[in-house]
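Hi everyone, thanks for coming. Today I'd like to walk you through the charged pairs in this one.

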Amino acid sequence: MAVTQRRGRRIMMTPDELDEFLTTQRTCRVATVSADGAPHVSTLWFVWDGKSLWLYSITRSKRWADLRRDPRVAVVVDTGEEYDDLRGVELSGTVEFIGEAPRTGEPYPELDSVERLFARKNFALDEMPHDGRHAWMRLTPKATASWDFRKLAAL
């Protein structure tokens, strides 16, 4: 995964900080390109497995249609209320569609650990509840840019 930022390197997250941040955060914003070229941004829950961001999306959404047509995506995960508390990361690349769509829970070994992580993180369950409306996309980022404004105090 390439680090794309030139400026702000002093406030970017270390690999361990980035991993901890993505493991503990719950909500991301997903930017796609619509058929007419216009940007579209939507919010999703996600899970991070240490190298990829897994997105669980409704298959009848604009986001899903956009990504089926053009799998390029940018995702932002951020937090903080005050300026000196702002932290976040932008991950970009192309998504891959994994498993059945929509997902009904048929055995799919590649999703076992992802669904367990997602169910625990978001539903406090040991098994993923399948509703037949969502499916999985995996983003293994080609580029990242991160920031942690809490580091500004030390500069």
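**Salt bridges**

Let's begin with Asp148, which is buried at 4% relative accessibility; buried here means under 20% relative accessible area, exposed means over 50%, and partly exposed lies in between, with a 1.4 Å probe and protein chains only. Its partner in a salt bridge is Arg150, at 2.9 Å from N to O. By salt bridge I mean a side-chain nitrogen of Lys or Arg within 4 Å of a carboxyl oxygen of Asp or Glu. Arg150 itself is partly exposed, at 43%.

A quick word on the source: this is a predicted model, where local features need pLDDT of at least 70 and side-chain atom pairs count only at pLDDT 80 or more, while totals for chains, interfaces and linings use all residues. Residues are numbered from 1 along each chain as its sequence is written, and side-chain values use heavy atoms, leaving out hydrogens and water.

Arg138 is buried at 14%, and Glu96 is partly exposed at 38%.

Last pair, friends: Glu100 and Arg103 meet at 2.6 Å, N to O. Here Arg103 is buried, at 2%, and Glu100 is partly exposed, at 21%.
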